[in-house]
Amino acid sequence: MNHILEVEELEIMNDKLREKSYKECLLKCDNREWLKIIKTIYSHQQQRVSKGKKMSVIDEMYLKIAEDNLFSELSIALEKTKEEIKKYILTKLDISILV
């Protein structure tokens with residue numbers, strides 16, 4: 001969990017490829033890939049909010065899946081609640097605005 005900030009966001013060239021990128025990451029069943037999705041969606045969401053837009057349905061769906069996968073796996077491994085894991089990760093990512 002010390003490498004959270006080192007994980008980069010996904011490079012999505014256009015919105016048409018967004019869902020495909022999320023699916024590819026999910027299929028890898030890797031914590032770093034799930035974190036990439038989470039970071040990418042929160043960043044994208046901040047941009048949308050600044051323009052007065054809501055989160056897209058696709059982003060909302062994949063964020064929930066990625067968070068559930070990541071937080072569940074880490075909560076078991078670290079013997080913490082999913083809420084504690086979520087708070088820790090989002091705090092590290094400085095995403096308190098959207099929590």
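A crossing of two helices is called left-handed if the near helix is turned anticlockwise from the far one by less than a right angle, and right-handed if clockwise. This is a predicted model, where local features need pLDDT of at least 70 and side-chain atom pairs count only at pLDDT 80 or more, while totals for chains, interfaces and linings use all residues. Residues are numbered from 1 along each chain as its sequence is written, and side-chain values use heavy atoms, with hydrogens and water left out.

**View A. α2 against α3.** Here α2 (residues 31–50) packs on α3 (residues 57–78) at about 140°, axes 9 Å apart; axes are lines fitted to C-alpha atoms over the stretch in contact, and angles run from 0 to 180 degrees between N-to-C directions. That makes the pair oblique, the label for whatever is not under 35 degrees (roughly parallel), over 145 (roughly antiparallel) or 65 to 115 (roughly perpendicular). The crossing is left-handed. On the α2 side, the contact (heavy atoms within 4.5 Å) includes W34, L35 and I38, and on the α3 side L63, L70 and F71 are among the residues involved.

**View B. α1 against α3.** Now α1 (residues 18–27) meets α3 at about 15°, with axes 11 Å apart, so the two count as roughly parallel. This crossing is left-handed too. R18, E19, Y22, K23 and L26 supply the α1 side.

**View C. A closer look at T40.** T40 sits in α2 and, at 5% relative accessibility, is buried (under 20%; exposed is over 50%, partly exposed in between, using a 1.4 Å probe and protein chains only). Leaving out residues up to four places away in sequence, T40 touches E9, L10, I12, R18 and Y22.

Terms used
Helix = DSSP H or I, 4+ residues; strand = E, 2+ residues; numbered from the N terminus.
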